[in-house]
Amino acid sequence: MATTIIKTFIAAAIGMLPGTAAMQAQEAPDSTGALALDEIVVKAPKVIRRADMDVYHPSRSAVEHAANGVQLLGNLMIPALYVSDALGSVQAAGQPVQLRINGNVATVEQVRALRPETVKRVEWIDNPGLRYGGANYVLNFIVANPTLGGSLMAEARPALNEAWGTYAADVKLNSGHSQWEAGADFKLTDAISSHRDYVETFTRPDGTSLTRRETPLGGSVDNSMLNVRAAYNYIKPDTTVFVATIRLDRNLSDRTAYRGMLCMSDGSADVELDDVNGSRGTTPGLSLYWQQELGHKGTLAVNFNSSFYFGRGYSHYVERAAAETLNDISTDIRDKNRAYALEADYIKRWDDGARFTAGASLGANRNSSEYISQGGALFHQRQERVYVFAEYFRRMGKWTATVGAGLQYTSFRFRESGRGNNSWNPRPQATVTYSVNSNHNLRLSFTSWQTAPSLAETNVVPQQLDGFQWRVGNQDLKTSNSYMLTLRYGFNIPHVAGSFGIRAYSSPNAITPLTAWDGGRLVTTWENSRGLQNLSFFLAPQVEIIPDWLMASGYVQFRTERMRGAGYSHSNSAWSGNMAVQLVHWGFALSGQYVREQHDLWGEKISWGEELNIIDLSYSLKSWQFSAGVIMPFGRYDRGSKSLNRWNRNEQHMRLDMRMPYVAVSYNIRWGHQKHSAGKLVEAAATADRSTPSAR
């Protein structure tokens, strides 16, 4: 007893010594996040705040209660993140998160295939540098790379009352410097009951108006997909890395179908409607990566990526009144699209921690769309992108600075019309961090990026939506610019960690929809608007309620914004956020999640994503995990939008029968020493574009 008291006193005294926290931040903790000093164990902070990232070390409890990498990420309870293993979703503040494994851009499926005990730390980067290709947020999993053994992971998660579920399997084999991997993921969503609440008011230039209120009569949603992948990694430490990956993504069915009854404000007969939209297609892809150490702390990294899309998008809209067909409109588009990208980066490091990175990338898209429903009309678009950048990182005492500049060239051309556009755009970026100590820092960051017009926004083949609504692209669009300034304060205090700050965003020439009358047709096209500006205030805390037992984390944001375009000016203010609570003990983990999506103003529309809540109870036993849960046990599923356009004001809510209980069984075993995917320092983006059929 006396010995225990003495050890506790010594550990506390060491924790109070000046510089102890800084020493912990510089050491490389093991997977439990603790440093061993003879018989004394000094726990590292749950989060270490570095100048350019926050570093999370998984605790023993977080590892033991996770069956895969996505569950481990959820157990870390990073405040700004919304992580759902059941839905395969990782988001931050309603925005997508770029996932990486040892620096290699990865998918959610690849992160799920990680074995939790091999994850040494997770790097959370909420102000990515220029080499991350314009990502909003980056999560990088650092995993061990032994040289022998293998692993097998399998998981099944079916719903009990609907044809919904997720299924996954992954195997890795390691030998010497080599690793072979194969995996597959299947997501099933088949004929889930759905309906739509919709009301719209059309106003003509002469001031007359018509309101149509849709009473739902039923509907369904399909969203099933299959992903298959195979990879070979070669790692010769401190010398060479080579990675070859092939992937096949199959969209088996992505379809929404609604039936409704339209009641007219002018007293005319009610109209029965059927509205069906969907797509299906196949996307194979190939990625090749080579990294070579050049000596004198220099590294050259080269990545080639390519993807192809062969698919079909379709819509079918029918209106009937008194057994008479008023409108029967179909769109059927077949795409054959290709994308290629090549990027090369050079990284130079110095002994004092300074780092210089310079790189260049080339990208190309070739899109071919055939309109079967319009007599086989063809539309061809080609895009080229060139991007060069340089970035320098340096520490100066408690101050750290990253400065960089990029230059992007974008060109797109249309074969049938011979028209097109091109532009050169600068991309400055800078971050300054002041670290009070390893538990407190203040960071000011400025970033910028460009967005080229998409295939749907430039496609000039007219598409009819209903009796008088049409959509047509604009080939005079120009690449838009975006700028963001963020001031963030990060803190660790006893039992509470988190951050709060303010973010300002501006896109002065954002590409947005524009709706106006053209004769008797109400036509939606796209324009380079007069811009979007918004201001956000955010708070992201993580609270340790009962150490190692009960944790809570969350993210709350208030955003106010203004959007201006041709003939309009709109504003919007809204709250959003997410919350997670987890109780773990005796091998059990009980978790609850709630997310309220941001209501985004874009053009003349306010839209919002899924508002969800999930409860899950799991039990881990050696290589097995058993789970049961309910998606949407409370409230109503809601995803929708509201139009502010003076010619067409409408509001729609998509409703799903989403109250789905499910069970899950996971098996994750390894033998020998496991090695995960080699680390990539660069990833060339090559995403094949696709057409989007019109939808009411």
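1. Let's start at Val-105, which has its place in strand S9 (residues 104-106); helices here are DSSP runs of H or I with at least four residues, strands are runs of E with at least two, and both are numbered from the N terminus. Val-105 has a relative accessible area of 25%, so it counts as partly exposed. For that label, buried is under 20% relative accessible area, exposed is over 50%, and partly exposed is in between, using a 1.4 Å probe and protein chains only. Tyr-132 is 27 residues from Val-105 along the chain, and their C-alpha atoms are separated by 9.6 Å.

2. A word on what you are looking at: this is a predicted model, where local features need pLDDT of at least 70, side-chain atom pairs count only at pLDDT 80 or more, and totals for chains, interfaces and linings use all residues. Residues are numbered from 1 along each chain as its sequence is written, and side-chain values use heavy atoms, with hydrogens and water left out.

3. Now the overall picture. The chain has six helices and 42 strands. Of its 696 residues, 53% are buried. Taking contacts (heavy atoms within 4.5 Å) between residues at least 6 apart in sequence, 65% join residues at least 24 apart. The accessible surface of the chain is about 30,000 Å², and carbon and sulfur atoms account for 60% of that; the areas come from the Shrake-Rupley method with a 1.4 Å probe, and for residues only the protein chains shown count as cover.

4. Have a look at Asp-54 next, in strand S4 (residues 54-56). With a relative accessible area of 4%, Asp-54 is buried. Its side chain makes a polar contact of 2.5 Å with that of Arg-488. The rule there is a pair of N or O atoms within 3.5 Å; within protein, one must be able to donate a hydrogen and the other to accept it, and residues adjacent in sequence count only if both atoms are side-chain atoms. Setting aside neighbours within four places in sequence, Asp-54 touches Val-47, Ile-48, Arg-49, Val-122, Glu-123, Trp-124 and Arg-488.

5. On to the rings. A pair of aromatic rings is described by the distance of the centres and the angle of the planes. Rings of Phe, Tyr and Trp (its six-membered ring) pair if their centres lie within 6.5 Å; planes under 30 degrees apart are stacked, over 60 edge-to-face, and the rest tilted. That gives 22 aromatic pairs. One of them is Trp-124 with Tyr-137, a stacked pair at 5.5 Å centre to centre and 10° between the planes. This pair links distant parts of the chain, 13 residues apart: Trp-124 is in strand S10 (residues 119-125), and Tyr-137 is in the loop between S10 and strand S11 (138-143). Trp-124 and Tyr-137 are both buried.

6. Phe-308 sits in strand S19 (residues 298-321) and Tyr-340 in strand S20 (residues 324-349), 32 residues apart. Phe-308 is partly exposed at 24% relative accessibility, and Tyr-340 is partly exposed at 29%.

7. Phe-202, Phe-468 and Trp-517 make up one aromatic cluster. Arg-204 lies over the face of Phe-468, 5.9 Å from the ring centre. The test for a charge over a ring is NZ of Lys or CZ of Arg within 6 Å of the ring centre and within 35 degrees of the ring normal. Arg-355 is likewise over the face of Phe-393, at 4.6 Å from the ring centre.

8. Finally, the charges. The structure holds 37 salt bridges, each a side-chain nitrogen of Lys or Arg within 4 Å of a carboxyl oxygen of Asp or Glu. Among them is Glu-109 with Arg-247, whose closest N and O atoms are 3.5 Å apart. Glu-109 is in helix H5 (residues 108-112) and Arg-247 in strand S17 (residues 240-264), so the bridge ties together parts 138 residues apart in sequence. Arg-196 and Asp-275 also meet in a salt bridge (3.3 Å, N to O), and both are buried.
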